[in-house]
Amino acid sequence: RGSLMEFPFQYDHASALVFGGALPTRVSFDEAAVVILPVPVDRTTSYVGGTRNGPHEILQASTHMELWDDEMKADVHGVGIFTLPEMELPFGEMAPLVEEIERVAYEIVSRDKFLVSIGGEHSITPPLVSAAARKFPALSVLQIDAHADMRDSYMGTVHNHACAMRRALQFARVTQVGIRSLSTEEAEVLPKLKSTVFYDVDMRRDPTWIDAVVASLAENVYVTIDVDGMDPAIMPATGTPEPGGLSWPEITSLLRATAERRRIVAADIVELSPIPGLVAPNFLCANLLYKLLTYRFVSDPRAKRL
């Protein structure tokens with residue numbers, strides 16, 4: 001098929017939306033430091049569907065963002081942010097889909113781009129971690145999530161979103177933050193796995209939990225944010241909104257500390273299930289993505305600072 005856009009991989013459609021649609025300047029794929037990859041997967045969610053619409057709504061919300069960050073006194077869009085079209089994903093079994101995500105992700109990170117993938121369900125994360133680990137050995141994963149996602153198999157597949165971090169363990173150690181929902185089987189197996197768990201209930205008793213989280217991470221860090229890791233008071237638009245969770249000041253403080261003391265090499269935001277007529281959760285995700293980029297690139301000479 002003919003391609004309308006030329007990248008290291010082929011698409012037959014152009015991107016309808018770009019992250020930060022009001023950016024003063026547009027850059028090419030080659031010029032950009034940051035590449036946004038929308039991955040609209042919604043195959044294994046078991047309660048409320050709709051995560052396939054998450055990438056579109058995050059990009060739509062981002063067109064209304066302001067670019068100045070008052071906390072960091074910076075505007076980092078000058079590093080170059082390029083948005084790819086939504087991935088074309090194979091139908092049928094999950095295994096070919098996972099392989100295609102890994103292939104495309106590695107094509108991006110191998111070209112020294114900072115990849116931010118927006119989902120879609122959490123099953124997209126293991127192949128993204130695999131691609132990052134090929135580029136950055138001895139990788140750590142920082143998982144912000146309500147759920148452990150450590151089942152070995154669920155609903156007939158090892159690629160279920162409930163197994164996402166069990167699969168990611170094949171490629172990197174995992175630090176899990178905000179966990180407050182897991183099966184009995186997961187509780188039994190977690191002490192035997194290569195993971196460090198910060199349960200939500202324990203974090204409330206420890207004012208130094210952010211320092212402990214960062215200390216558990218290797219130098220190179222992949223960040224995966226399942227939006228249900230946040231308090232459903234600010235993030236109701238997800239399939240299984242668990243009571244408790246991180247506030248906006250908590251999640252941003254954690255990301256800032258990680259960016260300042262470690263090297264974040266790639267990230268994803270997943271499991272947004274947009275609620276028609278309620279734009280606040282979509283806007284939160286867009287702002288959180290840009291916050292992460294601000295923390296990561298604030299020291300880049302292409303960022304504007306006062």
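1. Some conventions to begin with: two strands pair if DSSP finds at least two bridges between them. Helices (H or I, at least four residues) and strands (E, at least two) are DSSP runs, numbered from the N terminus. This is a predicted model, where local features need pLDDT of at least 70 and side-chain atom pairs count only at pLDDT 80 or more, while totals for chains, interfaces and linings use all residues. Residues are numbered from 1 along each chain as its sequence is written, and side-chain values use heavy atoms, with hydrogens and water left out.

2. Let's start with strand E11, residues 263-270. E11 pairs with E6 in the parallel sense over 4 bridges, and Leu 115 stands opposite Ala 266 of E11. E10 is also a parallel partner of E11, over 7 bridges; here Val 223 has Ala 267 as its bridge partner. Between E10 and E11 the chain passes through helix H8 (residues 248-261), a right-handed β-α-β crossover (with the strands pointing away from the viewer, the path from the first strand over the helix to the second runs clockwise).

3. How enclosed is E11? Of its 8 residues, 7 are buried, so the strand is largely enclosed by the rest of the structure. Buried here means under 20% relative accessible area, with exposed over 50% and partly exposed in between (1.4 Å probe, protein chains only).

4. Helix H3 (residues 125-135) is mostly covered too, with 9 of its 11 residues buried. Among them are Pro 126, Pro 127, Leu 128 and Val 129. The buried residues of H3 pack against helices H2 and H4 and strands E6, E7, E10 and E11, contact meaning heavy atoms within 4.5 Å.

5. Please also look at Asn 220, in strand E10. Asn 220 counts as buried because its relative accessibility is 15%. Beyond its neighbours within four places in sequence, Asn 220 touches residues including Phe 136, Ser 140, Arg 263 and Val 265.

6. Finally, the cavity search. Over the whole structure, 1 cavity of 30 Å³ or more turns up; on a 1 Å grid over the protein atoms alone, a cavity is a set of points where a 1.4 Å probe fits but cannot get out, and lining residues have an atom within 4 Å of a point. Grid points are joined across faces, edges and corners, and a volume is the space filled by probe spheres set on the points. The largest cavity has about 30 Å³, and its lining includes Leu 23, Arg 26, His 77 and Ile 81.

Notes:
On a 1 Å grid over the protein atoms alone, a cavity is a set of points where a 1.4 Å probe fits but cannot get out, and a pocket is an open set with protein on both sides within 12 Å along at least five of seven lines; lining residues have an atom within 4 Å of a point.
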